[in-house]
Amino acid sequence: MIRPPLPRALAAGLLATGLPLTTGCGADVEPAADSASDTTVTVSNCGKDITYQRPKRPVAYDVSGAEKMFALGLADRMRGYVMNKLGDPSIKGSPWKEDYTEVERLGTERITREIVVDAEADWVLAGWNSGFSEERGITPALLDKVGVSSYLHTETCWDYGTKSVDVTPLEALYTDLDNLGRIFGVEKRADKLVTDLKDRVTALKKTWPDQGDPAKVFVYDSGTDQPFTAGRHAAPNDIISAAGGTNVFNDLDKGWTTVGWEPVIKAKPEVIVIVDYADQPAKEKIAYLRSMAGLKSVPAVKNNRFFVMSYGDAVSGPRNVTGAEDLGRYLRSVGR
């Protein structure tokens with residue numbers, strides 16, 4: 001259910017008493033005997049060991065943050081979530097759409113320090129440059145000054161701090177789920193979820209063709225002068241690999257980033273993944289790509305091989321495996 005804010009603390013950095021630690025909708029009950037206020041746990045986040053008290057008023061940003069929490073049955077423990085309205089279509093197709101309605105939505109644009117403080121949150125889950133940002137004045141260090149702990153999506157650690165953490169996007173997802181399980185005292189639930197996701201990826205790999213090179217796939221998020229796409233640090237890179245393809249920008253040492261059209265044309269992708277969200281429907285993006293003279297020779301355009309992927313499947317989260325399974329079925333349907 002939606003929980004109204006508690007009374008304001010005496011100062012912005014002082015946080016109110018937390019909510020009861022109940023389980024999320026439909027989740028397996030896991031004992032929370034270690035849920036006392038002084039319970040602490042230390043996990044490694046972006047290469048740094050951080051000790052957390054059990055969060056009582058956690059806030060998550062965007063689909064990535066919200067659905068990692070929801071998938072672990074933590075909806076009832078959340079103070080709220082913030083999500084840009086562009087991601088709204090992802091909610092409609094989410095396995096956790098009921099959780100989205102029962103947890104308070106604290107904002108429909110980017111997360112800000114003001115939203116966090118006004119909500120009297122004690123813990124925030126977001127990514128570096130996909131939530132946390134020096135330019136916008138919301139960083140783990142700044143939040144720490146007002147008594148708010150932070151956890152960064154491991155997928156974004158490659159561009160944060162010492163930049164010493166560089167794991168594949170799916171490994172980053174598994175790391176986050178394991179760490180969140182420890183932070184919130186639902187380790188068994190996290191273990192079960194991670195095992196299930198890994199088993200599904202293993203099963204998917206058994207459907208790959210026995211012969212031939214992997215299908216070359218280009219991810220088109222947006223952009224006209226320059227396309228916005230996924231490099232090796234973004235979730236689609238592993239989604240494509242798990243499906244049996246290869247991202248044409250697999251060697252690009254970036255997350256989500258812009259490239260030129262010439263490299264796209266030169267790469268000759270056989271399939272184009274269209275990321276679908278609110279402001280520009282997938283059909284409009286496909287129409288634009290078809291209208292570009294330079295792309296007419298690209299096999300994906302020539303053969304009308306466009307695969308539409310929900311934004312919710314394309315950003316770091318448990319739906320990445322669903323995205324891979326769906327893309328894998330599409331590749332098999334076109335003989336790849």
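**Exercise 1. Which side chain meets Arg 79 in a salt bridge, and which parts of the chain does the pair tie together?**

Solution. Step 1: a salt bridge requires a side-chain nitrogen of Lys or Arg within 4 Å of a carboxyl oxygen of Asp or Glu. Step 2: the partner of Arg 79 is Glu 104, at 2.9 Å from N to O. Helices (H or I, at least four residues) and strands (E, at least two) are DSSP runs, numbered from the N terminus. Step 4: the structure holds twelve salt bridges.

The model is predicted; local features need pLDDT of at least 70, side-chain atom pairs count only at pLDDT 80 or more, and totals for chains, interfaces and linings use all residues. Residues are numbered from 1 along each chain as its sequence is written, and side-chain values use heavy atoms, with hydrogens and water left out.

**Exercise 2. State what the pLDDT is for the chain and for residues 1-29 and 31-37.**

Solution. Step 1: pLDDT is the predictor's confidence in each residue, from 0 to 100. Step 2: the protein chain averages 90, and 89% of the residues score at least 70. Step 3: residues 1-29 have a pLDDT below 50, with 66 contacts in the model beyond near neighbours in sequence. Residues 31-37 are also below 50, with nine such contacts. Contact means heavy atoms within 4.5 Å.

**Exercise 3. Describe how helix 6 (residues 169-183) packs with helix 7.**

Solution. Step 1: the two axes come within 7 Å and cross at roughly 165°. Axes are lines fitted to C-alpha atoms, for helices over the stretch in contact, and angles run from 0 to 180 degrees between N-to-C directions. Step 2: helix 6 and helix 7 are therefore roughly antiparallel; angles under 35 degrees count as roughly parallel, over 145 as roughly antiparallel, 65 to 115 as roughly perpendicular and the rest as oblique. Step 3: the contact residues include Leu 173 and Leu 177 of helix 6 and Leu 193 and Leu 197 of helix 7.

**Exercise 4. Describe how helix 13 (residues 320-333) packs with helix 7 (residues 187-205).**

Solution. Step 1: the angle is about 15°, and the axes lie 10 Å apart. Step 2: helix 7 is therefore roughly parallel to helix 13. Step 3: Leu 197, Arg 200, Val 201 and Leu 204 of helix 7 meet Val 321, Thr 322, Ala 324, Glu 325 and Gly 328 of helix 13.

**Exercise 5. Is helix 8 (residues 235-243) parallel or oblique to helix 13?**

Solution. Step 1: the axes come within 8 Å and cross at roughly 45°. Step 2: helix 8 and helix 13 are therefore oblique to each other. Step 3: among the contact residues are Ile 239 and Ile 240 in helix 8, and Leu 327 and Leu 331 in helix 13.
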